[in-house]
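Here are my comments on the helix packing. Please read them beside the structure.

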Amino acid sequence: MKIQTNPSGTRSIEITERHLETIDRYALFTNLTDSNGIIEEGVLEKLKLNVRSLLEGEAGKDRDLLDLCLDVIYNSNMKAFGLGKLLMLYLKWKQETATQLTAQENTEQSADEQE
């Protein structure tokens, strides 16, 4: 998956399923934005500081978190606009994942009932 990182569309970053899973595992988007929901450069800086503190701790040994930092968060193309697109992609992925889990659970429950 690719996200556009600037309004003109000339820059983008490749996002993998593993990146999204890492964002989810560390809840990196929890309480990231203010109540207005606007993503500005300050929000990107807040994310970078949060990730930096994780890297200084035990999570710093997690290769997936390091890859997320190198590939996405600290990518030279990442700006507030790109973070907004990443957040939208993450929310869409999270919703699709939840839908797939529900469908899988329903299928398993039906199979159990048939036995």
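This is a predicted model: local features need pLDDT of at least 70, side-chain atom pairs count only at pLDDT 80 or more; totals for chains, interfaces and linings use all residues.

1. From α2 come Leu47, Lys48, Val51, Leu54 and Leu55, and they meet Leu65, Leu66, Cys69 and Ile73 of α3. By class, this contact has 8 nonpolar residues, 1 charged and no polar ones.

2. Now the geometry of that pair. The α2 and α3 axes come within 11 Å and cross at roughly 155°. Angles over 145 degrees count as roughly antiparallel, so α2 and α3 are roughly antiparallel to each other. The crossing of α2 with α3 is left-handed.

3. α3 also meets α1. Here the axes come within 9 Å and cross at roughly 115°. This crossing, too, is left-handed.

4. Which residues make the contact of α1 with α3? On the α1 side they are Arg18, His19, Thr22, Ile23 and Arg25. On the α3 side they are Asp64, Leu65, Asp67, Leu68, Asp71 and Val72. By class, the contact of α1 with α3 divides into 5 charged, 4 nonpolar and 2 polar residues.

5. Next, the core. The largest nonpolar core has 24 residues, and Leu83 and Leu86 touch the most other members. Each of α1 (17-25), α2 (41-56), α3 (63-73) and α4 (80-114) supplies at least two residues of this core. In soluble globular proteins, nonpolar side chains tend to be buried together.

6. Look at Leu86 in particular. Neighbours within four places in sequence aside, Leu86 is in contact with Ile3, Ile15, Leu20, Ile23, Phe29, Val72 and Met78.

Definitions and conventions: Residues are numbered from 1 along each chain as its sequence is written. Side-chain values use heavy atoms; hydrogens and water are left out. A nonpolar core is a set of buried Ala, Val, Leu, Ile, Met, Phe, Trp, Tyr and Cys residues joined through side-chain atoms within 4.5 Å. Buried means under 20% relative accessible area, exposed over 50%, partly exposed in between (1.4 Å probe, protein chains only). Helices (H or I, at least four residues) and strands (E, at least two) are DSSP runs, numbered from the N terminus. Contact means heavy atoms within 4.5 Å. Axes are lines fitted to C-alpha atoms, for helices over the stretch in contact, and angles run from 0 to 180 degrees between N-to-C directions. Angles under 35 degrees count as roughly parallel, over 145 as roughly antiparallel, 65 to 115 as roughly perpendicular and the rest as oblique. A crossing is left-handed if the near helix is turned anticlockwise from the far one by less than a right angle, and right-handed if clockwise. Ala, Val, Leu, Ile, Met, Phe, Trp, Tyr, Cys and Pro count as nonpolar, Asp, Glu, Lys and Arg as charged, and the others, Gly among them, as polar.
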